[in-house]
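Dear colleague,

Please find below the structure that I am passing on to you.

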Amino acid sequence: MAAKLTFSKEIANLLYAMHGNPIKDCIQCGTCSGTCPAVEFMDHSPRELIAMIGANLKDEVLHSNTYWSCASCYYCNVRCPAGIDIADLMYALKRYSMWKDQYKKDLIGPKFSESFVKMIMRTGRSFEPVLAPSYIFKYGTRGIIQEAQTASALVLKGRLPLLPKKIKRLENLKRMVRRIIPIGEPS
Amino acid sequence: MSEKVGVYICHCGTNIAKTVDVEEVALWAGEQDHVDVAREYKFMCSSLGQELIEEDIKEKGLTKIVVASCSPHMHEKTFRTACVRGGLNPFMFEMANIREHDSWTTDDREAATLKAKALTKAAIERVIHNQPLEPLPVEINPNTLVVGGGIAGISAALELAEAGNHVYLVEREPSIGGHMAQLDKTFPTLDCSACILTPKMVDVGQHPNITLLTYSEVEAVGGYLGNFDVTVRKKARYVDEEHCTGCGICIEKCPYKVVDNVFEAGLGARKVIYRPFPQAVPKYPVIDTENCVYFQRGKCKACQIFCPTDPNSIDFEQQDEILQIVVGNIILATGFDLFDVSQIPQYGYGRLANVFTSLEFERMVNASGPTDGKIVLRDLETPPESVVIIHCVGSRDENYHKYCSKVCCMYSLKFAHLIHERLPEAEVYNCYIDMRTPGKGYEEFYNRLLEEGTHFIRGKVAEVSDVARIEEEEGKLIVQVADTLISKQRRIPVDMVILSPAMEARNDSQEVSQLFRMGCDFDGFFVERHPKLDPVATMTEGIYIAGACQGPKDVPDTVSQGAAAAARVASFISRGTVMMEPIRASINQELCSGCRICNTMCPYNAIVFHEDSNVSEVITALCQGCGTCVAACPSGIITGAHFTNDQLLAQIEGILWDVRSNLDLVPVE
Amino acid sequence: MKQYAYYPGCSLESLAKSYHLSSIEAARELGLELKEIEDWNCCGATAYFHVDELLAYTLVARNLALAEKENLDFVAPCSGCYKNAYFTNDYLQQDPGLAEHINFALEEDNLHISGPINVRHLIEVFVEDVGFEEIKKHVSRPLKDLRVAPYYGCQLLRPKKDSEDVENPQFFEDLLSAIGSDPVEYGSKTHCCGSSLIITNREAALDMVYKLLQDAANREADVIATICPLCNVNLELYQKQVNREFGTDFSMPVMYFTQLLGLALGVEPGRLGIGKDFVSTDSMQFIMQNPQSS
Ligand SMILES: Cc1cc2nc3c(=O)[nH]c(=O)nc-3n(C[C@H](O)[C@H](O)[C@H](O)COP(=O)(O)OP(=O)(O)OC[C@H]3O[C@@H](n4cnc5c(N)ncnc54)[C@H](O)[C@@H]3O)c2cc1C
Ligand code: SF4
Ligand code: SF4
């Protein structure tokens, strides 16, 4: 009988071998949490999150906003005395929660990432206005107005083209993607 | 000649028997050629196990013995002695390591049993070719060299000298004392470091059995256990030790001051002609030629002018002296360096004035230090109102040193206490990962600090900066740290930060270990022969280690190790001679072509060339049995005793016994 | 003219147009040609790595393969693109399995990576290939008395590659000195601007931007110099919003290092995209009107 895969093992397996030491090596020193510029906006600090993974608290981890608040500044990485690639762990958790379709509902991050990926499949490049609908409605009326003002000012200053650029060999790019994930048609 | 081999397979309790089917191995061994008797036994090293061997030799007339058990490091000697008691030459014995090399490496019982057979078979095949050899007696020169005059070297030297043995103590700096001389109080009892150290330093200086060579370094080491030839360079002090009375007038009159980066850790100054500290042993000053105006520009000579002795003790023409000494044993006690904290830029040392190292703080709190014991900021005036002490700076950290430095938790607590004592109003914070206070009276010391009101924050400090975000932070050092016990990122504004850096191996430990032909570990600390059972000896006979050069340790541990090393040396000295393994090379002179290839390869210069007969010869007394020449000889006519071709080829045949039988099945074309 | 395979990245086509313009101009003045990689695609930014790691590597790899075809160093002016390219290149070298998988996908565009490719950030090209002495020689309008806060941000420095100083680097300061300006020492130079949190967690990002602006303003910087479009956007475009949220009145110009370099090399401000800013650069007029010294 195959051994049951615990949540902490599952997460450990998600990290490519070349990304730092196993998260089991964490000595709970808190350097990451002390360093993190976004920690005040996280429901659990990076250190706590690592302890929670170790304790197999799957639901709590999946519903935490910690990794969606990570700015990928990699500051914790370079300081961690245990050589853990904390920022890439955050990426792994984002991917995991998106695959499982389990994440805190009011987050902008997952929706934004999803539309970003779709956009690239449509044009090969990213273009801010296409992305706006994925997050702008979370900002409330005042926020939306502000965004719109900023956008029109940008257009006036010539810093925002009105139409997205497309790459020439977009079809090749799409076929490349299908070789990596051979299921379904990219929309 | 027909050999009768006895084979003994040890269970080692369950250490071996848990993974190796010892009964099966013994049964199988009994069926091998030449094997007369094969047994398994719970503990072969016990007296009952040894008696088994002795009785079998006597009753069954065994000629060769094999024991398959642990590493020869552990018990080769035990079993050889058992053979001797049974009436055999000790070299008629062979050991197979089926523990470290087998049972401890796997859980696979089948594979482990198979490997145990191969290792045992190899030993059986080899032992058949073993020849009787006689151990070589070596006389031990009763003098001992101790390198490094910190508390480790001082303790070792005094133990030996008190027992009536002569010691050469070589110290690189102008005075002995090492790091302990720089400390103020010592934990946990808080006795004054100088008060307990200086009497010992004085004893060393005055002891008739100690030749103290300060401001000196070992340049070359030849020979081996019992007779090492050591070359020591005694650097010129430019002060004549014969006439100098140590009055210190020269120091007073020298017009030039420089920052003292060694003893005062950069916090204070000294004169260009100086004694590191008032209680220095020996008392003679030394001229720092790099900064001496006379040496640099040819003018001044104030020291000479004011020296009151007759003849004058200042000698600008003095030269380095090279001394040759012969010693029987060597104790290395070269101590440690402090980790360079500027490698961790986020802690701001060197950039933020009021970040200090622990050693700077020791000098500062020392009543005879640069601030007369006052705790002050870099301006040397303002006492801090708040201090953070940061533990584990460069220790327990993959990026610097993975190991725990063991003493810094305790001295960080000591610092907190000293601040409470001298500045009762100051707030003191200790930021630690884990509080490590094992030791007699140590945990009690921690409890005392808890009661004294130190703020303990469990978290490794992320950074120290001067970037104020709110008013309270302005003009302060801000220590940013996760307080993991309350899960909060805190920013603590303080006046002073003290870093407790790792204890690391001396920066030249690699070269020193090569000089003495012994090993350094990955971190640069000297390697002991056995981490538990022999922490003072090294893999090189006659060379011992003591103190922080072996790994981070505090004063009590250092002193114990110094004394232990001395005791080991003393026991050799009192024996007068030791029996050395007769594992030596010999050249078959009839076949030697005189090519001389081996002559230059021998690392011990043990091969001479006879011009008249055009052959080389190994001087047995100098040969260390390393085997370099055996491998190098193009005619293959150098033999290493106990490592003959016959023995080694038979051993290889033995280890491949099952492979060979499989190969036999393949028809040869 | 030394050539580079230049990978502008998506932002340089829109919000960071002036970075693009000034990079080309400054490079040309110093005898370098930034040859734009033909038909490059988005590198996936951070968002793509949130969804699928392998696909994200594939996107990056296509651009690397295009550069390899030209046999030129891959140069990115955006720290995010740079980090993605640097590490993808590195992983492809370390992991032959990954390389095989990705090369299989690249076949669809008739591309292949054998590597290794030199992946560089634009500032490295100026610092390492041109060098401070050479730059000094070309400066015709030294930015005298201009207090510039060099902002390194994150992804050029981190993750750590070798033994470089990721906490207190100095090369940006040295570059600023070489063009005659006065680099400002401030503790936040390697801290984070919030990057894409500006969209997904605006509160957090504004907090980070606020702290950066506060530190630079306290040290009396005249301008913050950036090396990444995202940093620039966060610090500049959102400065107004920071002022609203925190009750501050920052009006700190934020410029690409290439704009300052271009100015010092004597390029006319308009050609460096100056004037398209949200935070007025009027306070710097004294520099732009400096007569050229040579
Ligand atoms: C800040 C601080 C505070 C401390 N506080 C305490 C405390 O309160 N209590 C306590 O028990 N421990 C304390 N310790 C630990 C204590 O200092 C050490 O345990 C002790 O000094 C080790 O002694 P040692 O002789 O092994 O090494 P060292 O003191 O380093 O002495 C080694 C000597 O060898 C000499 N030497 C080095 N290389 C050579 C060479 N190649 N040739 C000749 N000579 C050489 C050196 O010059 C030096 O004199 C503290 C350590 C530090 C850093
Ligand atoms: S810094 Fe590293 S070791 Fe410390 S708590 Fe964070 S992940 Fe664990
Ligand atoms: S003794 Fe304490 S401070 Fe020193 S390295 Fe060990 S845990 Fe850290």
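This is a predicted model: local features need pLDDT of at least 70, side-chain atom pairs count only at pLDDT 80 or more; totals for chains, interfaces and linings use all residues.

Ligand 1

There are 36 residues around ligand 1, and those that come nearest are B:Glu171, B:His179, B:Lys414, B:Lys553 and B:Val555. B:Lys553 also places a backbone N or O atom 2.6 Å from an oxygen atom of ligand 1. A backbone N or O atom of B:Ala548 lies 2.8 Å from an oxygen atom of the ligand, while B:Arg172 has a polar side-chain atom 3.0 Å from a nitrogen atom of ligand 1. On its own, ligand 1 has 990 Å² of accessible area, of which the protein covers 98%.

Several elements of chain B build this shell. At least two residues each are supplied by helix H5 (151-162), strand S8 (185-186), strand S19 (336-338), helix H10 (358-365), H11 and helix H14 (555-575). In terms of domains, domain 2 (137-167 + 208-235 + 322-335 + 511-582) and domain 4 (338-504) of chain B each give at least three residues to the shell. By class, the shell comprises 16 nonpolar, eleven polar and nine charged residues.

Ligand 2

Around ligand 2 there are 14 residues, of which A:Cys26, A:Cys29, A:Gly30, A:Cys32 and A:Cys80 come nearest. Helix H2 (31-35) and helix H3 (46-54) of chain A are the elements that give two or more residues to this shell. Its residues divide by class into ten nonpolar, three polar and one charged.

Ligand 3

The residues surrounding ligand 3 include the cysteines B:Cys392, B:Cys404, B:Cys408 and B:Cys409. Also among them are B:His391, B:Arg396, B:Lys406, B:Asp434 and B:Arg436. Strand S21 (386-393) and helix H11 (408-422) of chain B each supply at least two residues of the shell; H11 does likewise for ligand 1. Four residues of the shell around ligand 3 are nonpolar, three are polar and four are charged.

Helix H1 of chain C

Helix H1 (residues 17-29) of chain C has 13 residues, so at 1.5 Å a residue it should span 18 Å; its end C-alpha atoms are 19 Å apart, which agrees. Its buried residues are C:Ser18, C:Tyr19, C:His20, C:Ser22, C:Ser23, C:Glu25, C:Ala26 and C:Ala27. C:Gly31, which follows H1(C), has a positive phi, near 80 degrees.

With kind regards

Definitions and conventions:
Residues are numbered from 1 along each chain as its sequence is written. Chains are lettered from A and ligands numbered from 1 in the order in which they are written. Side-chain values use heavy atoms; hydrogens and water are left out. Helices (H or I, at least four residues) and strands (E, at least two) are DSSP runs, numbered from the N terminus. The expected span of a helix is 1.5 Å times one less than its number of residues. Buried means under 20% relative accessible area, exposed over 50%, partly exposed in between (1.4 Å probe, protein chains only). A residue is near a molecule or strand if one of its heavy atoms lies within 4 Å of it. Ala, Val, Leu, Ile, Met, Phe, Trp, Tyr, Cys and Pro count as nonpolar, Asp, Glu, Lys and Arg as charged, and the others, Gly among them, as polar. A polar contact is a pair of N or O atoms within 3.5 Å; within protein, one must be able to donate a hydrogen and the other to accept it, and residues adjacent in sequence count only if both atoms are side-chain atoms. Accessible areas come from the Shrake-Rupley method with a 1.4 Å probe; for residues, only the protein chains shown count as cover. Domain bounds come from an automatic or database domain assignment.
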